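Q: Please take a close look at one part of this structure and explain how its charged side chains pair up.

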Amino acid sequence: RALPVPEASGLEVAYVAPRTPTEELLASIWSEILQVKKVGVEDNFFELGGDSLKATQAIERGRASGLEIDARVMFETQTIAGIGFFKAQKS
């Protein structure tokens, strides 16, 4: 017998498209590493299937593309928007 369809938990985040070239670059990197078709700036890296190894890969690819991404910020904010917000606050 089929199980009932689970109700939405309310934790889903609406897709928010990248707004800047930096956000677009990060979304592209995350999409490739996580093998997810579309990554929004409010999507949580770890909820999309990321782990510490993939996070390190994302940080290194970002740095190779000229972005200064602090590993601590990546693990604390876990979203592209959070990384951008932190960078804006430091500037």
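This is a predicted model: local features need pLDDT of at least 70, side-chain atom pairs count only at pLDDT 80 or more; totals for chains, interfaces and linings use all residues.

A: Side chains of opposite charge can pair when their charged atoms come close. A search of the whole structure turns up four salt bridges, and one of them joins the side chains of E32 and R61, with 2.8 Å from N to O. This pair links distant parts of the chain: E32 belongs to helix α1, R61 belongs to helix α2 (residues 52-64), and 29 residues separate them. E32 counts as exposed because its relative accessibility is 53%, and the cut-off for exposed is over 50%. R61 has a relative accessible area of 34%, so R61 is partly exposed.

Helix α1 (residues 21-34) also holds S31. S31 is buried because its relative accessible area is 18%, and buried means under 20%. Apart from neighbours within four places in sequence, S31 is in contact with V36, K37 and V39.

Another salt bridge is formed by the side chains of E23 and R19, at 3.0 Å from N to O. Here E23 is buried, at 10% relative accessibility, whereas R19 is exposed, at 52%.

The side chains of E76 and R72 form a salt bridge as well, at 3.2 Å from N to O. Both residues lie in helix α3 (residues 71-77), four residues apart, which is about one turn of the helix. E76 is exposed at 53% relative accessibility, and R72 is partly exposed at 42%.

Note on methods
Residues are numbered from 1 along each chain as its sequence is written. Side-chain values use heavy atoms; hydrogens and water are left out. Helices (H or I, at least four residues) and strands (E, at least two) are DSSP runs, numbered from the N terminus. Buried means under 20% relative accessible area, exposed over 50%, partly exposed in between (1.4 Å probe, protein chains only). Contact means heavy atoms within 4.5 Å.
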